[in-house]
Every structure is written in structure tokens, then in C-alpha cells.
Amino acid sequence: MRKRTLFRLATATAVTGAATLAYASLVERNRFTLRRYDVPVLTADAEPLRILHVSDLHMMPDQRRKQDWVASLAALDPDLVVVTGDNMAHPAAVPGVLRALQPLLDFPGAFVFGSNDYTGPVWKNPFTYFLPDREYTEGVELPYEELRGIFTGAGWVDLNNARTTVKAGGRAVELLGVDDPHIERDDYAAVAGPASPAADVTIALSHSPEPAVLDRMAADGFGLLLAGHTHGGQVCVPGYGALVTNCGLPRSMARGLHRWPGSDSWLHVSAGLGTHPTAPIRFACPPEASVLTLIPR
């Protein structure tokens, strides 16, 4: 009797595990979701400004469902499109990225790159994400300069260690960005300085939401900080949340909108739209893009 009970428990556990894995790999990672947030950063009499935040496409050439869904976001008619990196996951990914983002290139836009825009993914043990000092391993070089040329050729602003002001929705938007801190390509000193009081809104971008970088952005007075990289944890536990963030950000801030501690700034972390190709699963954390409606304080 005891052996039969143990066998049944083992069988039930195996079946449950297989069903969970199938759901995570076949269903949830393709359950693209649009998030909406109101962000109170404008002056009292200002009209709302809509920002579309896209991150972590990790595009493979044949991911047409994802490409079609992202392309459909153009119907939202955003005032500004912001892309916070990790667009590619394959050397032949540029056509797929372009197919997804082409309709959005008609809008004002800005971008920073992530590590997986520069080099492709390599297989890794997923349990190494729990190690704070794990070694970063580079894969094959990706065509990031080609992608950069497409974005800038369409008029999008390259904010990899850069700063500028653009017009969006009839407003002056001051933008600041750093290249990916996760692989130590950031150079905040090159862009540091107080946010312009003449700007209607101030926005800062980083692929990886490293607290040391976010602290400096907030200290310079940027009202909205945008990042990706975390995948929202990618595999989460219902009622508990993300297990890891793959950076210095607390688990409680792995995705969504948060007030940045000790400042008047808001942080939005996108859970992103893709996965590492060697771990094509999501659980309790569907892929997402976000519309951030900036409203009066």
C-alpha cells in the first residue's frame, strides 16, 4: 500500500511538472500582454502624454507571432516610443526586429542597447542566475550597428551614453540614456547634470536597472526612469513574485511602476517580450509592452 501511494505521488508530481512546463513554454510565453499605467510627472495644467515602452524582444528570425503583435501596437498612436534594449537573439534577427518595429518607426522614438544587442546568447545553467557574481559569457557578435543605423535612420534618438531634447506630443522631452550597465558599457559621467527646468518632462533610460545608475538619474532630477532586462523574473511564484532580477534591483521591483526610493522619480521596469533562447519559458509573468500615460502630479 505504501509503495503504491509513493508511486502515485511521484506520478502526479511528474505529470504536474510536465503540464506546467508545457504551459510555460507553449502558452504563457506567447500570451502577449499590454500593460497600462498612469504616471504623475507633469505640471498641473498639462495635457497627458503617452509613451509606449518596449523591451527585451530577444527576437529569433521565425517568431512571427511576436512580430505581428508588436507591429499592431502602432494602433495605439503613442506620442513617443522607447525601446530599452536586448532586441536580438540571433545573427539573422534584424529583419524580424524590423518587421516588428517598422510601424512604430513613424513615431518619435529613442533607444538604448542591452547586452544581447551586442552578442548572442550562449547556453547557461539557469541556476547561475542566483549567483550575484557569476561570470558573463559572450556569444557570437550580433549586427548591432545595422540595427542602430535602421533606428537612427528613421529618426529615433540613440541614447547609449547620450542626452538630448526632442519634441513629442507637442512637448519638449529631455532624454538621457546610458549603454548597458550589466556589461559595464555605461558612462554616466558623459551625460550627468541636472535635468533642464525648461523641459516639459524628463526621462532617463537604461537597459539594466542597476540601482547605482538609477540613483544618479534620480539625483539629477529625471522624473521617469525606464528599464528592462529583468524579464520580470521570467519564472515567478504566484503570491511571492520574481525569484531573481539578474541585477541589483530588489525582487519587489522586478516589473511594473514604482517610486524610486529617496526621490521624486518614478521607475518603470518592463518585463519584456522575449526570453533567452535556451530557456523559452515564462510562468506567472507573461511577455508585455506598456503604455505609460504621463499625467499631472
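Helices (DSSP runs of H or I, at least four residues) and strands (DSSP runs of E, at least two residues) are numbered from the N terminus. The structure is a predicted model, in which local features need pLDDT of at least 70 and side-chain atom pairs count only at pLDDT 80 or more, while totals for chains, interfaces and linings use all residues. Residues are numbered from 1 along each chain as its sequence is written, and side-chain values use heavy atoms, with hydrogens and water left out.

The protein chain contains six helices and 14 strands. Of its 297 residues, 51% are buried, where buried means under 20% relative accessible area, exposed over 50%, and partly exposed in between, judged with a 1.4 Å probe and protein chains only. Contact means heavy atoms within 4.5 Å. Among the contacts in the chain with a separation of 6 or more, 73% are accounted for by residues 24 or more positions apart.

Leaving aside residues up to four places away in sequence, Thr84 touches several others, including Val54, Val112, Leu205, His207 and Gly228. Its side chain also makes a polar contact of 2.9 Å with the side chain of His53. A polar contact is a pair of N or O atoms within 3.5 Å; within protein, one must be able to donate a hydrogen and the other to accept it, and residues adjacent in sequence count only if both atoms are side-chain atoms.

The next element to consider is helix H2, which spans residues 64-71 and has Lys66, Gln67, Val70 and Ala71 as its buried residues. Seen down the axis of H2, these buried residues fall within an arc of 130°, so they line one face of the helix; the arc is that of the directions from the helix axis to the C-beta atoms. An α-helix has 3.6 residues a turn, so residues three or four places apart point the same way. Helix H3 (94-101) is included in what covers the buried residues of H2.

Two loop residues deserve attention for their backbone angles. His58, in the loop between strand S2 (49-54) and H2, has a positive phi of about 45° although it is not a glycine. His58 counts as buried, at 4% relative accessibility. Asn246, in the loop between strand S11 (241-242) and strand S12 (256-259), is likewise not a glycine, yet has a positive phi of about 60°. At 19% relative accessibility, Asn246 also counts as buried.
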